[in-house]
Amino acid sequence: MTCKKSPIAAISLVCLLVANSLSAKTHVQKTNTDEDVSTTLTAGSKDAIFSSRASYTFNVKNATDAPQTGTVSYIAVTPAGVTVAKETRKVTLSKHSNNSYDFTVPAQKPGFYKINFMVNVSDYDDTTRRVFGIRPDEIQSQHGRPADFDSFWTNTKAELAAVKPNFKMTVQPSQETENRKVYLVEMRSLDNITVRGWLTIPKTTIKNKKFTTFLALPGYQVDLKPMLGQDDDIAILALNVRGQGNSRDVIHPKRLDYISLNVEDKNKYVLRGAIMDCIRAIDFICSRPELDSKRIEVSGGSMGGFLAASVAGLDNRAQLISSQNPILSDIRNLTDQEDWPMYDLRKYAGEKGIKFDQVLDNLDYFDIKNFAQNIQTPVLLGIGLLDHLAPPNNEYAFYNLISKKYRDIMVFKDLGHEVPMTYVLEEGHRMRDKFGLF
């Protein structure tokens, strides 16, 4: 049995908000070359997740012609910056030597911790930044969901259902390839707004062929283009939700303003419509005779991961969900965040004269952890421990609320807001196994 090439690689990488990794190291060099002194940090577990005490080996290589004296040390802190452990050791490195130092962090409570390893010797200073987890399966959000959460979304879906979709497909001859037809897809969604996407379908001579469909959801302000996979058995629908890509004719905010658009009113918040756009896209797939409504995967990264997670909690017509680094999880546990998106939301509230508590009250309806208990579709979650936009504590607050039979997770200890090719390949294998594509 041979697996065909999967289109998931290109799709997953394009759907992410950030394509390059977060910096894991900072250097302050005193020597003239980068190779005179170097360090390597190895975690005591493959994913830097431990049951009680974290352990690391810190290797320092001195390739210079002179001995080096100084210290190696570490400091571990909570996400809020509270120090929980630290240690410093004096070291002497002979010329052309290579020494390793084992460190064990004292037992900590369940959660994730930032840890910095430092070397400060005669001709070199270096800091390696990492994150480790302690029993993350015990992480629980301290914040509940609104009592009317389910009714809010039931009413929202009813509003969508009342809008005639007016599905339209327009063939794009100039974009087709030797093996794929390309269509511009248009549909009416919530508030009677037209959203668009690109459908690519393998060319076939098989009569009444029904294709598995991969629904790709966009990252923050990502303009998805037609996705031209090599598979002859998978159709790909790349959706641009309202305010993004070729769906910006009605809603067209500046990039940084999108996340906060109408957040003061949960019934008008831009993400309410964006989530419904994704459900309307599933309506489209189910309306097409050449697309198999029983073989649908929904996938996205960052904001696309948020959309995929939200759809999983509202609609069980998809049979697989892939959510990579989803934003807006356990939102009330992000209020101290000085980065996007909380900084922009706080700024918006100030400019509009809105109490930030009102913003948080509305965001509770869009917190992906509040969708989790309703999920009845297999979800693969991918996270990076160095992700400051979707921190691991927050990701696990969502993951742990999903029924165990529907969830799986891949943790990448040295990555930030991205997933590697190993995740992409696993996603593709799961799709092929689930839908019998060989």
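Me: Is F50 buried or exposed?

Reply: Buried means under 20% relative accessible area, exposed over 50%, and partly exposed in between, with a 1.4 Å probe and protein chains only. F50 has a relative accessible area of 10%, so F50 is buried. This is a predicted model, in which local features need pLDDT of at least 70 and side-chain atom pairs count only at pLDDT 80 or more, while totals for chains, interfaces and linings use all residues. Residues are numbered from 1 along each chain as its sequence is written, and side-chain values use heavy atoms, with hydrogens and water left out.

Me: Why does the pair of F50 and F132 count as edge-to-face?

Reply: Rings of Phe, Tyr and Trp (its six-membered ring) pair if their centres lie within 6.5 Å, and planes under 30 degrees apart count as stacked, over 60 as edge-to-face and the rest as tilted. The planes of F50 and F132 stand at 75°, with the ring centres 6.5 Å apart, so the pair is edge-to-face. The two partners come from distant parts of the chain, 82 residues apart, with F50 in strand β3 (residues 49–50) and F132 in strand β9; strands here are DSSP runs (E, at least two residues) and helices likewise (H or I, at least four), numbered from the N terminus. Both F50 and F132 are buried.

Me: Which aromatic cluster includes F50?

Reply: One cluster is formed by F50, Y56, F58, Y74, F103, Y113, F117 and F132. The structure as a whole holds 20 aromatic pairs. One of them joins F50 and Y56, whose rings lie 6.3 Å centre to centre with 55° between the planes, a tilted arrangement. Y56 is buried, at a relative accessible area of 4%.

Me: Where does the charged end of R89 sit?

Reply: A charge sits over a ring if NZ of Lys or CZ of Arg is within 6 Å of the ring centre and within 35 degrees of the ring normal. The charged end of R89 is placed over the ring of F103, 4.0 Å from its centre, and R346 lies over the face of F356 at 5.5 Å from the ring centre.

Me: Which residues line the largest cavity?

Reply: On a 1 Å grid over the protein atoms alone, a cavity is a set of points where a 1.4 Å probe fits but cannot get out, whereas a pocket is an open set with protein on both sides within 12 Å along at least five of seven lines; lining residues have an atom within 4 Å of a point. The largest cavity is lined by L41, T42, A43, A48, Y56, R130, V131, K413 and D414, and its volume is about 60 Å³.

Me: What volume does the largest pocket have?

Reply: The largest pocket has a volume of about 1,200 Å³. Its lining comprises 43 residues, of which P79, A80, K114, P391 and N393 are the closest to the centre. Two or more lining residues come from each of β5 (68–77), β8 (111–121), β9 (124–134) and α7 (392–399), and β8 gives the most, with 5 residues. The second largest pocket has a volume of about 240 Å³, and its lining includes Y343, D344 and K347.

How values were computed:
Grid points are joined across faces, edges and corners, and a volume is the space filled by probe spheres set on the points.
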